[in-house]
Amino acid sequence: MASTEAQIQQLPAASRGKPAFDPEKITVIFVLGGPGAGKGTQCENLKRDYSFKHLSAGDLLREEQDRPGSQFGQLIKDYIREGKIVPMEVTIQLLENAMRAAIDDEGKTKFLIDGFPRKVDQAHAFEASVCPSKFTLFFDCSEEVMEARLLNRGKTSGRADDNPESIRKRFRTFVETSMPVVDEFSAQDRVVRIEANQPPTAIYDIVKVRLAARGIAFGS
């Protein structure tokens, strides 16, 4: 474990003293909301209409653990197998790598970071080493609506965690760990709160208005 910790601390994102990307040139928007709040649906809309690159921390971790030759693959598998949270330095490095690839290969300058940061220390570490965020899109949805959506999804998703007991545990985890992130950024006027109990099309109409108010134009 000591060698693993040393390896993690040597990652560029862990050892850098300033952000890798200039927030005047690169736009980062964090996307947060409880399970079933509709983040994925709205990210797909924004990707289509605003030329955002959509990055999911969970997807990147899953892809990395199966990527041949990955320096993080076995480490990620070990942490997940033991029920531990993958060190944030690894997740942040994967996000930075994905951003750099999208900038170099696709000319992207706008990023949606979906489901991240989950904790305040992750937010601080990402902004200090990768790029300060412009704001956080927070999809504020009641637990009743989120549970109904997830149970409906569970009929076809095959996901083991789309059941009432797991769903309620995920709600508690979100409230305890991620809401402090929303609260801190709200105090800095860096949260765009979206009432997300409505149908997806109605939610997206609100999102477009709120983005325009923050200087992000439709189709840009």
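## Buried or exposed?

A residue counts as buried when its relative accessible area is under 20%, as exposed when that area is over 50%, and as partly exposed in between (1.4 Å probe, protein chains only).

## About the model

You are looking at a predicted model, in which local features need pLDDT of at least 70 and side-chain atom pairs count only at pLDDT 80 or more, while totals for chains, interfaces and linings use all residues. Residues are numbered from 1 along each chain as its sequence is written, and side-chain values use heavy atoms, with hydrogens and water left out.

Here pLDDT is the predictor's confidence in each residue, from 0 to 100. The chain has a mean pLDDT of 89, and 94% of its residues reach 70 or more. Confidence is highest in E3, at 97, and lowest in helix H1 (residues 2-9), at a mean of 65.

## The nonpolar cores

In soluble globular proteins, nonpolar side chains tend to be buried together. A nonpolar core is a set of buried Ala, Val, Leu, Ile, Met, Phe, Trp, Tyr and Cys residues joined through side-chain atoms within 4.5 Å. The largest one in this model has 38 residues, and Val-28, Val-90, Met-99, Ile-113, Phe-116 and Phe-126 have the most contacts inside it. Among the elements that give this core two or more residues are strand E1 (27-33), strand E3 (110-114) and helix H6 (88-106). The largest share, seven residues, comes from H6. A second, separate core has 24 residues, including Leu-112, Cys-141, Phe-171 and Ile-194.

## Around Phe-116

Which residues does UniProt place in a "binding site" together with Phe-116? The unreviewed entry lists several, including Gly-115, Pro-117 and Gln-122. Such annotations may be inferred rather than shown by experiment; the positions use the numbering used here, and feature names are shortened.

Gly-115 lies in the loop between E3 and H7, and Pro-117 is in the loop between E3 and H7 too. Gly-115 is buried, with a relative accessible area of 13%, and Pro-117 is buried at 0%. Contact means heavy atoms within 4.5 Å. Leaving aside residues up to four places away in sequence, Gly-115 touches Val-31 and Leu-32, while the partners of Phe-116 include Phe-30, Val-31, Leu-32 and Phe-126. With neighbours within four places again left out, Pro-117 is in contact with residues including Phe-30, Leu-32, Ser-178 and Val-181.

Another "binding site" feature in the unreviewed UniProt entry includes Ala-37, Thr-41 and Arg-153. Ala-37 is in the loop between E1 and helix H3 (39-50). Thr-41 sits in helix H3 and is partly exposed, at 42% relative accessible area.

The expected span of a helix is 1.5 Å times one less than its number of residues. Helix H8 (residues 143-157) has 15 residues and should therefore span 21 Å, which agrees with the 20 Å between its end C-alpha atoms.

Met-146, Glu-147 and Leu-150 are the buried residues of H8. They cover an arc of only 95 degrees around the axis, so they are on the same side of H8; the arc is that of the directions from the helix axis to the C-beta atoms. An α-helix has 3.6 residues a turn, so residues three or four places apart point the same way. The buried residues of H8 pack against H9, whereas Glu-144, Lys-155 and Thr-156 are exposed on the other side.

Key. Helix = DSSP H or I, 4+ residues; strand = E, 2+ residues; numbered from the N terminus.
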